[in-house]
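Here's a quick briefing to read with the structure on your screen.

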Amino acid sequence: MASLSVSPAAVPPEALPAPREGVSSWPLIDRVCYWLCWVTGIGLCVIAVAIVAFMFVKGIAYLRPELFVKSPAASLRQTQSGGFLDPIIGTFIVTAIGTAVAAPVGIALGVWLSEYRSPRWLARVVGSSIEILAGVPSIVLALFGLLIVSKGFLSFLSQGSPQGSLGESFLCAGLFMALLAMPLIVAATYEALEQVPNRVREASFALGKTRATTIWRVLLPSIRPSMAGGVVLGMGRIIGDTAIVTVLLGLTIKNEPVGSTPLLGTLRGTGSTLTSYVYYNSPAGEGNSHEKAYAAAFVLLMVVLLLNALVTRITRGREPGRRPRWYGLTGLVGRLGWTR
Amino acid sequence: MAAAPASQLRPELAAAVRTDKRAELLLGALAFGAFALIAFMVVTVVVKAWPSFSYNGLNWFGSGGDVSTELRVMREGTPLPGHGLAYFRAWPLIWGTVVTTVVAVVLALVISTLAAVFLTEFAPTRARRAVEPVVRLLAGVPSVIYGLIGILALAPWINEHLISNSRKQSVIYVVQLNGANLTTASLILTVMILPIMIALTANALQSVPDSWREGSAALGVNRWRTIWRVSLRTAWPAIAAATVLATARALGEAVMLAMVAGGTAFAANPLDGLTFFFEPVRPLAAMIFQESEGLTIATLSHTIYAMAAVLLLSATMLSFAGWAAKQPMKRYGVRA
Amino acid sequence: MPPPIRRIVVDREPTVADPAATTNGGGASAAVAHARSRRPAPTPTAIKERMLLESVWLAYGSNWVVRDVSISVRQGEVLALIGASGSGKTTLLRSLNRLTEVTEGAARSGRITLDGTDIHALEVNELRRRVTMVFQQPNPFPMSIFDNVAYALVERTGRRRRRRTPEIDEAVADALRRAGLYEEVAGDLDRSALALSGGQQQRLCIARALAARPEVLLLDEPCSALDPISTATIEELIVQLRETIAIVIVTHNLQQAFRVADEVAFMHLGELVEYGGSEQVFDRPRQQRTRDYIRGAFG
């Protein structure tokens with residue numbers, strides 16, 4: 001049989017890179033649109049950089065190390081009004097509670113929607129409910145929370161009062177923060193599970209494993225990056241929220257525990273978070289100490305940026321994607337509910 | 001594979017099957033619980049809001065008085081002459097919500113379409129991978145920080161440079177103009193809703209089959225015209241869905257608008273001409289946020305829950321609208 | 001010897017055919033003679049050189065995909081590029097209307113001219129209007145049939161034009177006729193193009209390409225996704241169109257090349273192994289590799 005290889009007959013010459021389509025020959029209106037697109041793209045980056053740079057400059061100017069370790073104190077003078085240790089602790093507690101509740105429940109719901117989803121009507125209804133929940137404003141969730149926790153049976157969550165309970169504590173706030181993060185976690189888990197090819201499940205079933213075992217031991221471990229990404233997105237949303245904190249946390253300057261049990265007392269007590277601290281110190285709140293507001297806002301922004309970088313890192317995956325994935329930004333409309 | 005009754009299987013297998021069934025029931029119950037909770041939320045908020053609606057009837061949405069006065073009345077417990085304690089006319093709030101949302105969404109629609117086209121078509125390849133973090137950054141910035149920048153940087157600038165003294169004088173008997181107004185609020189709101197719109201639009205544009213774009217290029221149609229006639233035409237349902245989603249987001253924004261939109265619940269008057277854009281407004285969510293301390297007083301709390309009910313029902317309707325908007329894309333089998 | 005040609009029993013009489021088509025007996029040589037007789041030889045005076053490739057080299061990144069190819073594309077003739085997968089024939093085709101530029105890292109060397117002008121000196125969209133392409137998978141736009149065919153016409157100047165001017169109506173109808181689709185769709189031109197069958201969609205793509213009156217038509221395996229009846233229809237189309245348009249077709253299917261081509265270029269691993277009239281290449285190939293390929297020794 002004749003050899004299939006090519007004899008190196010000729011030497012390749014100097015290559016000219018192929019020119020890309022130039023814009024100068026387009027009609028005027030097309031050129032205008034082209035340049036508008038460029039302006040918008042660059043303008044977007046400029047705005048983002050401007051926001052970060054502005055907060056950076058102002059924040060660094062007013063940030064002092066002792067702000068991190070001193071508790072806030074009520075005072076009209078900025079030098080004596082203390083730092084934001086309590087708000088930082090407050091943010092941490094609220095995020096921890098919110099994530100701790102939202103993550104298992106969200107993952108479980110995502111698993112149910114993807115793997116079980118029977119009866120059909122329930123799957124569609126639950127999917128639609130989660131989509132609706134994703135769109136509900138956080139202030140409405142806060143008001144709903146207040147309705148529930150001030151009734152008698154949940155009064156252990158916060159300080160008691162003659163009518164039931166005040167409904168303002170870390171536990172209350174954390175619980176309803178979970179509602180904020182949950183749709184993101186459900187969507188992340190659901191989408192990741194839908195991507196897992198069926199042959200993985202079939203292989204596990206063929207080995208005699210039940211569905212629960214398959215999910216727990218095979219599917220969930222394989223989608224860890226996506227689940228982690230969803231959880232971090234949820235955390236980001238919790239950290240950035242002010243509305244639920246304002247209604248359900250009591251907004252005392254320092255974290256005031258209720259009762260004498262060490263951990264439970266703090267959790268049942270009131271306090272503040274970085275977001276409410278920034279609001280309080282801004283001209284819209286009462287503190288009117290914008291230096292503290294800038295400093296705290298800077299810290300808040302850095303935390304959020306860090307979380308964002310984490311999400312991008314986690315969800316980028318192994319292959320350098322040619323198309324950006326817009327993880328978490330594309331919303332839930334039509335992904336879970338009636339469109340399936 | 002028929003399911004054998006548990007009793008006929010080996011012990012460890014039977015245990016696994018029992019666990020499986022329990023897991024299925026548990027998860028199903030959890031799912032039902034999630035649905036029940038959300039349904040319960042809608043019901044309780046509407047029930048708590050009902051007294052305010054039943055007293056005012058449909059006029060709740062109308063105009064006829066100053067919102068701040070009506071709320072103060074409820075706080076103090078002294079009714080206005082001729083009206084009950086629960087008297088409330090929400091029109092200035094609704095109008096404020098509508099105006100800020102419409103302006104922000106329209107601006108964001110134009111800007112996000114151009115930006116998405118830039119991202120998917122004209123940007124150099126390496127730049128595209130760098131833009132996702134930029135857009136995610138804009139999406140992740142908390143509302144308070146947008147509000148802070150607005151109230152401490154943008155609002156004073158607008159107050160100084162865009163609102164002349166004569167303009168302030170012209171409406172001084174009705175309302176006071178300062179940097180916290182419709183324009184500031186809408187501009188910042190636009191930036192806040194841009195990321196979701198860009199993400200959805202870019203996703204949709206990328207989902208347009210390459211074969212169509214290649215076919216158009218092979219016919220000698222330049223890149224912009226290809227996008228305009230083929231890609232955008234295919235992707236418009238996704239853009240409509242993005243708009244709906246962005247509207248829901250804009251409706252729900254409370255904190256930033258509370259800081260930046262204006263000091264009074266004023267119904268900005270379009271007949272004022274250009275001054276209309278510099279008048280203060282107060283959207284619904286911002287109002288709820290401001291009044292959230294007064295929830296212990298009965299009539300005030302009913303009114304606030306009424307506002308919350310309006311927001312909740314709007315969010316629900318927008319959710320369905322968004323789903324409906326995406327339907328036409330299924331015709332082409334394009335999944336975006 | 002060219003491979004034996006299987007006879008396809010079609011439901012209707014082919015329009016460009018010897019009415020005394022044999023359906024029984026004959027054997028290979030008779031079938032071959034019959035197939036050749038179906039195709040009228042090109043009239044010599046109608047042949048006009050349209051495009052000329054001189055020492056064309058094409059690369060993606062550092063990988064030379066096409067090496068030193070020199071061929072000419074003439075109106076009045078159908079040029080078939082044949083070869084195994086990876087032989088560079090599709091890349092060569094795409095370089096004719098500069099579609100290779102869309103890929104990052106594409107590089108070239110050599111000269112390609114259209115009517116004497118270097119194609120890289122022309123504005124790219126102008127070039128693509130004169131040299132249009134039909135792809136392997138039919139790709140009609142999600143618009144009506146009329147809008148699909150009128151697409152290139154309407155975008156020609158970029159100015160806003162009323163879609164339904166009489167000239168455009170006439171041009172659309174003419175293009176559909178030349179593509180052999182007019183009778184089937186004339187009743188309702190506003191139907192969505194996606195509702196047509198595969199063969200109809202491909203003919204619609206051909207009509208769309210013809211609407212702007214190109215000088216050269218490039219076909220990238222146009223029938224590989226179609227059933228035999230649609231394939232036969234499109235092959236007849238190609239033979240009819242060659243009078244007015246220079247046609248270059250890339251095909252995997254040797255029988256198809258044999259049926260439609262007047263000139264054949266056989267490529268292997270980027271090199272042009274054999275180039276000549278189709279009778280010569282198929283009956284009396286000069287290169288051993290060509291002989292092996294045609295015999296089916298590799299593919």
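Of the contacts in chain A with a separation of 6 or more, what percentage comes from residues 24 or more positions apart? It's 69%, where two residues are in contact if their C-beta atoms, placed from the backbone, lie within 7 Å. Keep in mind that this is a predicted model: local features need pLDDT of at least 70 and side-chain atom pairs count only at pLDDT 80 or more, while totals for chains, interfaces and linings use all residues. Residues are numbered from 1 along each chain as its sequence is written, and chains are lettered from A and ligands numbered from 1 in the order in which they are written.

**Chain A**

- Chain A has 12 helices and three strands; these are DSSP runs, with helices being H or I of at least four residues and strands being E of at least two, numbered from the N terminus.
- Of its 340 residues, 51% are buried, meaning that 20 or more other C-beta atoms lie within 10 Å of the residue's own, with C-beta atoms placed from the backbone.
- Helix H2 (residues 85–116) of chain A packs against helix H5 (residues 170–195) of chain A at an angle of about 35°, and their axes are 5 Å apart. Those axes are lines fitted to C-alpha atoms over the stretch in contact, and angles run from 0 to 180 degrees between N-to-C directions.
- Sorted by class, the contact of H2(A) with H5(A) has 23 nonpolar, seven polar and two charged residues. Here Ala, Val, Leu, Ile, Met, Phe, Trp, Tyr, Cys and Pro count as nonpolar, Asp, Glu, Lys and Arg as charged, and the others, Gly among them, as polar.

**Where chains A and B meet**

- The contact takes 77 residues from chain A and 85 residues from chain B.
- On the chain B side, helix H1 (residues 11–56) gives the most, with 18 residues.
- That side of chain B divides into 61 nonpolar, 14 polar and 10 charged residues.

**The largest nonpolar core**

- This core has 293 residues, and Phe176(A), Ala297(A), Ala308(B) and Val248(C) touch the most other members. A nonpolar core is a set of buried Ala, Val, Leu, Ile, Met, Phe, Trp, Tyr and Cys residues joined through C-beta atoms within 7 Å.
- H5(A) gives the most to this core, with 20 residues.
- Leaving out residues up to four places away in sequence, Val248(C) touches several residues, including Val73(C), Leu93(C) and Leu219(C).

**A covered helix in chain C**

- Helix H2 (residues 89–96) of chain C is mostly covered, with eight of its eight residues buried.
- Among those buried residues are Lys89(C), Arg94(C) and Leu96(C).
- After H2(C) comes Arg98(C), whose phi is positive, near 60°.

Methods:
Buried ≥ 20, exposed ≤ 12 C-beta atoms within 10 Å, placed from the backbone.
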